Amino acid sequence: MYEKTFPNKRFKHTLEFLKKHVSPSETILDLGVENPFSKIMKSEGFAVTNTAGEDLDKDQSIFSTEKKDVVTAFEIFEHLLNPYTILSEIKSDKLFISIPMRLWFSPAYRSKTDMWDRHYHEFEDWQLDWLLEKTGWKIIDREKWTNPVKKFGIRPLLRKFTNRYYIVYAEKIPTPTLPEGKGA
């Protein structure tokens with residue numbers, strides 16, 4: 001996965017953000033197969049279960065079978081065709097999402113060799129915020145950061161001061177229940 005580079009800055013920011021809002025006693029469902037960051041979460045004492053590689057655009061049954069306190073989706077939603085359905089199906093009360101932000105000076109990422117390693121969505125912050133709001137989530141905290149690269153050129157220069165990553169902590173907005181006998 002990270003043959004040439006390891007995203008130390010992104011992992012550091014993500015872990016600090018997670019620790020600010022989640023206790024190691026809370027259980028986590030991490031969307032995506034086990035990866036270097038889920039291993040870091042485990043080494044920090046978090047109880048993490050990963051999805052098994054199922055296509056979440058087609059199969060959201062994991063949200064019925066794995067009830068956890070927290071769902072994390074670090075660098076996952078940009079790969080999905082239908083994040084609305086997934087966000088609507090999550091039963092946990094806490095949600096953490098990080099995404100690479102859409103950059104005006106760079107096209108969406110697309111691996112030519114791995115069909116799973118492609119970005120269908122590269123969100124602007126307001127787009128992810130709106131998606132969360134429409135699916136019943138309230139944003140509690142958010143952060144952005146840059147991702148400078150050690151290369152020369154216009155795009156590497158722009159990466160020094162243009163935010164590349166966006167992370168959000170959101171909580172499910174409780175749906176009001178009507179008293180018994182009161183209906184629409």
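Me: Which residues in H1 meet which residues in H2?

Reply: In this predicted model, Phe11, Thr14, Leu15 and Leu18 in H1 meet Pro36, Phe37, Ile40 and Met41 in H2. The residues of this contact divide into seven nonpolar, one polar and no charged.

Me: What makes Thr14 buried?

Reply: The relative accessible area of Thr14 is 4%, and buried means under 20%; Thr14 is therefore buried. Thr14 is found in helix H1. Leaving aside residues up to four places away in sequence, Thr14 touches Phe37, Phe74, Trp145 and Ile167.

Me: Why is Lys9 called partly exposed?

Reply: Lys9, also found in helix H1, has a relative accessible area of 35%. Buried means under 20% and exposed over 50%, with partly exposed in between, so Lys9 is partly exposed. The C-alpha atoms of Lys9 and Thr146 are separated by 9.2 Å, and these residues are 137 apart along the chain.

Me: How do you know that strand E4 is mostly covered?

Reply: Seven of the seven residues of E4 (residues 94-100) are buried. Both faces are covered: Lys94, Phe96, Ser98 and Pro100 lie on one side, with Leu95, Ile97 and Ile99 on the other, and all are buried.

Me: What makes E3 and E4 a pair, and in which sense do they pair?

Reply: Two strands pair if there are at least two bridges between them. E3 (residues 70-74) and E4 have five bridges, in the parallel sense. Phe74 stands opposite Ser98 in E4. Phe74 is also among the residues that Thr14 touches.

Me: Why does Glu75 count as buried, and where is its place?

Reply: Buried means under 20% relative accessible area, so Glu75, at 14%, counts as buried. The place of Glu75 is in the loop between E3 and helix H4 (83-89). Although Glu75 is not a glycine, it has a positive phi of about 60°.

Technical notes: Residues numbered from 1 in each chain as written. Predicted model: local features only at pLDDT ≥ 70, side-chain atom pairs only at ≥ 80, totals over all residues. Heavy atoms only, no water. Contact = heavy atoms within 4.5 Å. Helix = DSSP H or I, 4+ residues; strand = E, 2+ residues; numbered from the N terminus. Nonpolar A, V, L, I, M, F, W, Y, C, P; charged D, E, K, R; others polar. Buried < 20%, exposed > 50% of the residue type's maximum accessible area, 1.4 Å probe, protein only.
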